Amino acid sequence: MGLVKNTSFYTIGAVLPKIGAFVFLPIYLKYLTPSDYGIVSSLHVLNTIFIVLFPLSMPRALYRVYYDYKCTEEKKTLFGTVLISVFTIAILSMFLLFLLKKHVQEIYESIAFYPYFAIAIVTVFIQALHIIPNIIFQIKERADLFVIINVLLFFFKSMICLWFIVGLDRGALGYLEAELIASIVFLPIYYSFMYDEINLSWDKNIFKNVLNFSLPIIPGILSAWILNLSDRIFIERFFSTTEVGIYSLGYQISGLVLIFSVAFKKAYDPYFYKIANSRSLHFAKRQLYNTNFIFVIVLLFATFVISFFAKEGIDLFLDKKYYLSIQIIPIISLAYLFSQNSALLNTMMYQEKKTHFVMYITIISAILNILLNYLLIPRIGIMGAAYATLLSFLMVFISSYLLAKKTYFIPYNSKGILTVLAILGPIYYIFKIIPFSNLYISLIAKIVIVFIIIVTFFRKFKADILIMFKQTK
């Protein structure tokens, strides 16, 4: 499969759960208080970092280290070595967290270790084992299998969530229990497809090679976690889980920007390394230049659309007690725009195995983020967290751009990007300052504008789109 076809599969796989999530979200929010939603969101934040620390980021190394081995048996041993290592380290990490439960519980003072933290920790142990087959599917360009299993997992989890939250009225605890059950049920399903892909043997040299790549990534990922998610800890400390819930909802809606970008990156990473390691330097960079340009344009458009329709979306679908989340959506959407462009630049540095560049950038930016959160959140609440996130990601992008120029750098199509910004920026601000008394008139007007923009962009960038399809099919 080519990049375009794989991205299409991953986009479907990303879109369906997102659509499903927003179909279910109004139901969840009707039965979950902002405090309940804040508990769930807070523990998701914690699990995001545990899912990296449990396996020491070794699964991520597979994207690049896979191409160090040419023999099929070596590649199978690589997968087996990583699986055995991840299982061993993850189970030890889980038991360590239970031993240190008093200290773990201090992360969120208002959330009890039993049952909330305990369920979340066991869930993340199971999910750490999900990562390896998911990455193997991507490396092997089995986007269809990746999408089918993950979409089924999402809807299975959602059905149990509805049962526990609506039917049994178990609140935040029901949501966490549903996630654990779904993770356990799907673990054997994932590995039923791995019989021919993994040799259950452990190789010391392979293990060292994987660690040499993955360990320098961990400080960067920890710092990235601080950039993305630590603001919830500050909000919970200075305010309550209610404010965490409102902020997290705005963050989740802004995350719609990621539908295309995450799908693209899942297909792009193996595609990038394959092109970069198998083609001439000139040909590879020329091909990737055009692909990157289309990605950035779509990402800009997605950021615009989410911010453009934020008010109408909340008015139509969500409970009024969460209305304040509308204020942070444009800010976090813009932050996501910078973060996803930084991820594109990181790939260029990873190609040269300059993982320490990414580590330095994110550590410095994480320190800045902590400082901004500490200064801004007590003064302006959740808006302070949003501005801290935006400023920190802007710094990450600028730093990544400057350091990527020292590695396998692929420049931006600056002229094309500025053209898009010159169209989208004024439209957004014109509609922001023009009040519409009727919700439906506002919605219809914006839909018409977006349709016109899509047609205009397609006509202007049609040649670039066709080149990408031709190169990546």
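Does Ser-307 count as buried or exposed, and at what relative accessibility? Select Ser-307 to start: at 10% relative accessibility, Ser-307 counts as buried (buried means under 20% relative accessible area, exposed over 50%, partly exposed in between, with a 1.4 Å probe and protein chains only). Before moving on, note that this is a predicted model, where local features need pLDDT of at least 70, side-chain atom pairs count only at pLDDT 80 or more, and totals for chains, interfaces and linings use all residues. Residues are numbered from 1 along each chain as its sequence is written, and side-chain values use heavy atoms, leaving out hydrogens and water.

**Stop one: around Ser-307**

Show helix H14 (residues 281–308), where Ser-307 lies; helices are DSSP runs (H or I) of at least four residues, numbered from the N terminus. Next, pick Thr-303: its backbone oxygen is reached by the side chain of Ser-307 at 3.1 Å.

**Stop two: H12 and H16**

Select helix H12 (residues 241–254) and helix H16 (residues 329–351), whose axes come within 8 Å and cross at roughly 50 degrees. Axes are lines fitted to C-alpha atoms, for helices over the stretch in contact, and angles run from 0 to 180 degrees between N-to-C directions. H12 and H16 are therefore oblique to each other (angles under 35 degrees count as roughly parallel, over 145 as roughly antiparallel, 65 to 115 as roughly perpendicular and the rest as oblique). To see the contact, show Tyr-247, Gly-250, Tyr-251, Ile-253 and Ser-254 of H12 with Ile-329, Ile-332, Ser-333 and Tyr-336 of H16.

**Stop three: H3 and H6**

Finish with helix H3 (residues 58–65) and helix H6 (residues 113–139): their axes come within 9 Å and cross at roughly 15 degrees, so H3 and H6 are roughly parallel to each other.

How values were computed
Helices (H or I, at least four residues) and strands (E, at least two) are DSSP runs, numbered from the N terminus. A polar contact is a pair of N or O atoms within 3.5 Å; within protein, one must be able to donate a hydrogen and the other to accept it, and residues adjacent in sequence count only if both atoms are side-chain atoms. Contact means heavy atoms within 4.5 Å.
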